[in-house]
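I opened my notebook today to look up a few spots in one protein model. Come and read along as I go.

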Amino acid sequence: MIIHNAHFYIDGSFDNSIKAIKVENGLISQLLENVPAQLDAQAIDLNGGFAYPGFIDCHTHSISGGIYTLGVDLEACPNIATLKAKISNHAKQQPHSALIFAWNFDENSLAEKRFPTQLEIDELCPDQLLLLRRVDGHSCMLSSNARAMITAMKSKDVILTGAENDLVTNWFHTQLDDETVMKAYQSAAKVAMKGGFTTVHTMIGDAEMSIDHFKMLQKRLDELPIEYILYPQSFNIEAALEAGSPRIGGCILADGSVGSHTAALSQPYQDKATRGVLYKTDDFWKEFITKAHENKLQVAVHCIGDMAIKQINDVYLELQKANPQDLRHQLIHCELCSDELISQIKASQAVPVMQSAFDLYWGNPKGLYEQRLGSARAKQMNRFASLINSGIPVCGSSDWYVTPMNIAMSVHALIHHHNPLERISAQEAIDTYTKNSARLSHDEMRLGRLQPGFQADLSVLNADLTKPFDYQAVRTQYIVKKGMQVYAYTPNCS
Ligand SMILES: [Zn+2]
Ligand SMILES: [Zn+2]
């Protein structure tokens, strides 16, 4: 089987004489300098596109994202009246859905600069249960009828954060049946392919002890057009081992988020007299991570503020000294890093799994980081260049639904970082989403390169990302997975 008529990105450039790729059993068997004269019906014509090794997104909440694609997107909502109209119109169009999800809410985009009131929420779809989540996923509110059903909820606050926020989200997830979960993943896979990805890491579980839906999904992965790398997102090591998972965790939380003033900082926030919160004690993490490490599980923990990153990295470092293993433990987000912390991460051999678009969204002068942290600390956020230049194999991700799965936007964000000192080259940005990301799941000999022996996964764009480009004009033309075309761009169609 031959893939042809494209520019092929091979070992860091399009500057090569390769005209076609030969595929056998889903693997690249040969790079060809000439297109064979006889092409059979199975040959894939890439229409002159730019073919990269399949891009990998290393951290997504695809179950939530998939569900939300079936819900109401509140991005850039200008005021409370529009928000109310959007939610109630959507709910009316879905009379058979008991649950209504509204997401991407950001009070800063509203003229009123506030969350809606409980009363405003309650009148929108009184016969359905409504969950409204903030853009960062770290705070939410829900309709009174939904609150009444979650008996474990103690808080009287209208806006829920921390453990109450998790409780609510997970309660909504437990209400989903297997078919809805699969429908959400099918929808998520379409979003991933449209954004240019062939492999996506995703977490499933309540970030406590349940890995609900994990085993079902594990068995049905072949139904999905792209590859999902699964994380049992919980503290339940026995369940992870029993399911045969080589890893555990995800957004199991060491702290909260900068937007919600809950990321744990060594110095107080600029705009509020707090240092955020460490959600668990040092002893808790030591016990959990040690047990996982001894069982040879790769661990992934959400840590955003410097205190949280240090708390988790200290455990990785100690374990790596006492009992070295090639597990590639993950620091998810790893946003606020001093130089000292960077050298400690180098020593622990942990892998930062970072989100390029966070800087694009929040790193602008007077943006969220500067408001919350002041300008000096805002410059210590998302330190891609400093980490990479220290020899740390940073991995790229979207944290989707938090930011879009969009490879062109991600590469753009990295080469145009608001802090010029943290910019990286286009080649390094592409590596972040291919070679480095393949390494995270110990797949560096299978994924992330167009070379014989590697899986025939290709992301075909209409642009050369190593030359200046407008990310809003870049689109994914084709996705090839294991030598099969699983996506093709169609105009006027999502
Ligand atoms: Zn997280
Ligand atoms: Zn996350």
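**Ground rules.** I am working with a predicted model, where local features need pLDDT of at least 70 and side-chain atom pairs count only at pLDDT 80 or more, while totals for chains, interfaces and linings use all residues. Residues are numbered from 1 along each chain as its sequence is written, chains are lettered from A and ligands numbered from 1 in the order in which they are written, and side-chain values use heavy atoms, with hydrogens and water left out.

**Entry 1: the zinc site.** I asked which protein atoms are donors to the zinc ion (ligand 1). Donors here are N, O and S atoms within 2.8 Å of the metal (3.2 Å for Na, K and Ca); water is not among the atoms, so sites may look incomplete. Along the chain, I read their spacing as C-x50-H-x30-H. C251 also bridges to the zinc ion (ligand 2), and the two ions lie 3.1 Å apart. Helices (H or I, at least four residues) and strands (E, at least two) are DSSP runs, numbered from the N terminus. Both C251 and H333 are buried, meaning under 20% relative accessible area, with exposed over 50% and partly exposed in between (1.4 Å probe, protein chains only).

**Entry 2: a helix pair.** I looked at which residues of α10 meet α11. They are D306, I309, K310, N313, D314, Y316, L317 and Q320, and their partners in α11 include L341 and I345. Contact means heavy atoms within 4.5 Å.

**Entry 3: a covered helix.** How many residues of helix α15 (residues 407-415) are buried? I noted nine of its nine, so "mostly covered" is the label. Among them are M409, H412 and L414. The buried residues of α15 pack against several elements, including β5 (55-60), α12 (356-362) and β18 (458-461).

**Entry 4: a loop residue.** V258 is in the loop between β13 and α9 (282-294). Is V258 buried or exposed? V258 counts as buried because its relative accessibility is 5%. Setting aside neighbours within four places in sequence, I listed contacts of V258 with A263, Y269, I304, Y369, R372, L373 and M381. I also checked A350: C-alpha to C-alpha, V258 and A350 are 22 Å apart in space, and 92 residues apart in sequence.
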